[in-house]
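Good morning. Please look at the next slide while I talk.

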Amino acid sequence: QVQLVESGGGLVQAGGSLRLSCAASGRTFSNYVLGWFRQAPGKEREFVASISWRGTYTYYRDSVKGRFTISRDNAKKTVYLQMNSLKAEDTAVYYCAADPQLRPTTWDYWGQGTQVTVSS
């Protein structure tokens, strides 16, 4: 089992920045690929970014490339999502997820989510 707890969400003006954190407990953190997803009201949850076991590979959805950066600290068992140049359309509940596979179709573990609201 892996437990994931997100933090760092909040209200920010358009153009501003936030850094989300996701702390993990349980099994060996470095055995898992970590991802960030988001779900806006009335929309399906969507992939935002993911990072491989040691951080060698990162993946992003097109709309956040150049603005968001995913990183991880295996010693602290934490994954981060630095979000810059935020837009109103980035407003959503953000979830972190973990899975042993690099590009899983479904993710094994999920956090409870943290709200990000971008005011325009």
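I will go through the disulfide, the nonpolar core and some strand pairing. Keep in mind that this is a predicted model.

Let me start with the disulfide. How many does the structure hold? It holds one. The bond joins Cys22 and Cys96, with the sulfur atoms 1.9 Å apart. Cys22 sits in strand β3, residues 18-26, and Cys96 sits in strand β9, residues 92-99, so the bond ties together parts that are 74 residues apart in sequence. Are these two cysteines buried or exposed? Cys22 has a relative accessible area of 0%, so it counts as buried. Cys96 is also at 0% and is buried.

Next, the core. The largest nonpolar core has 29 residues. Leu4, Trp36, Leu81, Met83 and Tyr94 have the most contacts inside it. Several strands give two or more residues to this core, among them β1 (2-7), β3, β8 (78-83) and β9.

Take Leu4 from that list. Which residues does Leu4 touch, if we leave aside neighbours within four places in sequence? Both cysteines of the disulfide, Cys22 and Cys96, are in contact with Leu4. Other contacts of Leu4 include Ala23, Leu34, Ala97, Tyr109 and Trp110.

Last, the pairing around β3. Strands β1 and β3 pair in the antiparallel sense over six bridges. Within that pairing, Val5 stands opposite Ala23. Strand β3 also pairs with β8, antiparallel and over six bridges. There, Ser21 has Tyr80 as its bridge partner.

Definitions and conventions
Residues are numbered from 1 along each chain as its sequence is written. This is a predicted model: local features need pLDDT of at least 70, side-chain atom pairs count only at pLDDT 80 or more; totals for chains, interfaces and linings use all residues. Side-chain values use heavy atoms; hydrogens and water are left out. A disulfide is a pair of cysteine sulfur atoms within 2.5 Å. Helices (H or I, at least four residues) and strands (E, at least two) are DSSP runs, numbered from the N terminus. Buried means under 20% relative accessible area, exposed over 50%, partly exposed in between (1.4 Å probe, protein chains only). A nonpolar core is a set of buried Ala, Val, Leu, Ile, Met, Phe, Trp, Tyr and Cys residues joined through side-chain atoms within 4.5 Å. Contact means heavy atoms within 4.5 Å. Two strands pair if DSSP finds at least two bridges between them.
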